[in-house]
Amino acid sequence: MDNMLLWRVFPLLTLLASFLLLFYVQNSSKLSHKECSLLPYQHYWITSKRIVTPQGVVSGAVEIKEGKFVSIVKEEDRHWNSKVDHILDYGDAVVMPGLIDVHVHLDDPGRAEWEGFPSGTKAAAAGGITTLVDMPLNSFPSTVSEETLKLKIKAAEERIYVDVGFWGGLVPENAFNSSALEGLLNAGALGLKSFMCPSGINDFPMTNVSHIKEGLSVLAKYRRPLLVHAEVQQDSEGHLEFKDGSYDVRSYSTYLKTRPPSWEEAAIKELVTVTKDTRIGGLAEGAHLHIVHLSDSSSSLDLIKEAKRGGDSLTVETCPHYLAFSAEEILDGDTRFKCSPPIRNAANKEKLWEALLEGHIDMLSSDHSPTAPELKLLDEGNFLRAWGGISSLQFVLPVTWSYGRKYGLTLEQLALWWSERPAKLARQELKGAISVGNQADIVVWEPDVEFDLNDKYPVYLKHPSISAYMGSKLSGRVLATFVRGNLVYREGKHAPAACGVPILARRKD
Ligand SMILES: NC(=O)NC(NC(N)=O)C(=O)[O-]
Ligand SMILES: [Zn+2]
Ligand SMILES: [Zn+2]
């Protein structure tokens, strides 16, 4: 009899349990949505006189629903206004696609004391960056296998305020092991990255052209890019001329001489022999090579132009610090400005701007590469021993704008270099533009508002003191940042929960 009763009650109990579970899941997801966004709703309109779309800058409104752009209406077609509940009116402020930074070292896990996912992505959100792609080195271990990529993804869980993708590392250890590379790519790496000179990190050794060729042939199948740090040490120049010890380690010109433009040129000369295979009908058709942080705007750039003209699948980025600073201005001992390749002279900078404006440089990235302040050796000011890397993530939008204005930089160009092209490189079809159907990743900012980057300014980077931009006056204040429709940052305040998601490439897409 007891047994019979149990059999009758059991289905009822299961049903009750399912209801409770459903109720719990629904409520917890509501709660988490609330914490992901500073807005209490998911369907709203944004209006502005300057919305940057692929069709140009328009005055009007964009409708956002459940994280996507569902309509874009111009001012002259005003009938949208009638039955709308929630409108965020930004007036003259610019509404632009969120920035996509394809070159960031967040150093997490393993060296999170240098930066870390929470601080780095909070800084990104405050700077209008809605997606970033993390580099495979400076964290520990380096992201060079399926297992180490999984460690990254785990470390990022619920700790990122913007969306984060991951490049995998191409190193001698995995370059000739196609199943290891495929494991890394199948696990979701958006592409691979390698160095042609020492990286400064022991567990991330450099590759030569044979490794790069192997990597490209695997990447061709996945249609994902290889990013390369293009400098090859030349013994005839550079460091060897300092043998006699008669040099000043605190002088920037000393450092500059250790890494002449010929290092970049030598690397790119080798790379363009390989990128020929990426042409239509070539052995590595489908692969793509992307040169990171170009500094030399002379011979290196000429080689890139020629390869592109020939049909090689090749792109190149430069970084705001090469466009903002010149070697002549860097003060003795100010190692905040040390990076590789180095910041060169003012004439080189002018030519970089020219190349960017003429379309020979495809995009921008921060190459945010911070460290612990002790390793920047700011007291000692030794340019040869200090950590190489510029800390900049939160400031790239105002920096590009402030320094680009005198060249007549347009809002459309900003969106092209910082959103559209980077989205294409990282194969993010639903990101990088304010278009119907895309994810609603947005930065709202005021180009004419100036601010002093002083100690009172809210900087979210882990170590503001090592940033080369501290102490400068910039133009272009970020008002609000939306990631997939969530208002993740508004005027000095972040959403309570870190709701960025890891971006993983789907198998063989
Ligand atoms: N280990 C690094 O982060 N290196 C970086 N350092 C720079 N750029 O000075 C880089 O991207 O090459
Ligand atoms: Zn590099
Ligand atoms: Zn880098």
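Visitor: Which residues does phenylalanine 140 touch, not counting those up to four places away in sequence?
Guide: Phenylalanine 140 touches Pro109, Gly110, Arg111 and Asp203, where contact means heavy atoms within 4.5 Å. This is a predicted model, in which local features need pLDDT of at least 70 and side-chain atom pairs count only at pLDDT 80 or more, while totals for chains, interfaces and linings use all residues. Residues are numbered from 1 along each chain as its sequence is written, chains are lettered from A and ligands numbered from 1 in the order in which they are written, and side-chain values use heavy atoms, with hydrogens and water left out.

Visitor: How many residues apart along the chain are phenylalanine 140 and aspartate 203?
Guide: They are 63 residues apart along the chain, and their C-alpha atoms are separated by 8.4 Å.

Visitor: And where does phenylalanine 140 lie?
Guide: Phenylalanine 140 lies in the loop between β7 and α3 (146-156); helices (H or I, at least four residues) and strands (E, at least two) are DSSP runs, numbered from the N terminus. Its relative accessible area is 48%, so phenylalanine 140 counts as partly exposed, the class between buried (under 20% relative accessible area) and exposed (over 50%), computed with a 1.4 Å probe on protein chains only.

Visitor: What is the peptide bond from phenylalanine 140 to proline 141 like?
Guide: That bond is cis, with omega near 0°, and proline 141 also has its place in the loop between β7 and α3. Another cis peptide bond joins serine 340 and proline 341, with omega about -10°, and proline 341 is found in the loop between α10 (320-324) and α11 (346-357). As background, most peptide bonds are trans, and most residues other than glycine have a negative phi.

Visitor: OK, what is phi for glutamate 66 and for histidine 293?
Guide: Glutamate 66 has a positive phi near 45°, and histidine 293 has a positive phi near 30°. Glutamate 66 is in the loop between β2 (56-65) and β3 (68-74), whereas histidine 293 lies in the loop between β12 and α9 (299-309).

Visitor: Is histidine 293 buried or exposed?
Guide: Histidine 293 counts as buried, because its relative accessibility is 3%, while glutamate 66, at 56%, counts as exposed.

Visitor: Switching to pockets: what is the volume of the largest one?
Guide: The volume of the largest pocket is about 580 Å³. On a 1 Å grid over the protein atoms alone, a pocket is an open set of points where a 1.4 Å probe fits, with protein on both sides within 12 Å along at least five of seven lines, and lining residues have an atom within 4 Å of a point. Grid points are joined across faces, edges and corners, and a volume is the space filled by probe spheres set on the points.

Visitor: Which residues are closest to the centre of the largest pocket?
Guide: Of the 27 lining residues, the closest to the centre are Pro198, Gly200, Tyr255, Arg259 and Ser340, and the elements that give two or more residues to this lining are β10 (192-195) and α7 (252-258).

Visitor: How does that lining divide by class?
Guide: The lining of the largest pocket has 9 nonpolar, 14 polar and 4 charged residues, where Ala, Val, Leu, Ile, Met, Phe, Trp, Tyr, Cys and Pro count as nonpolar, Asp, Glu, Lys and Arg as charged, and the others, Gly among them, as polar. The second largest pocket, of about 370 Å³, has 8 nonpolar, 2 polar and 9 charged residues in its lining.

Visitor: Back to β10. Which sheet includes β10?
Guide: β10 belongs to an open sheet of 6 strands in the order β9-β10-β11-β12-β13-β14, with parallel pairing, and two strands pair if DSSP finds at least two bridges between them. β9 (168-169) and β14 (363-364) stand at the edges with a single partner strand each, so one side of each is left without a neighbour in the sheet.

Visitor: How many bridges join β10 to β11?
Guide: 4 bridges join these parallel strands, and leucine 192 stands opposite leucine 226 in β11. In β11 (225-229), 5 of its 5 residues are buried; Pro225, Leu227 and His229 point one way, and Leu226 and Val228 the other.
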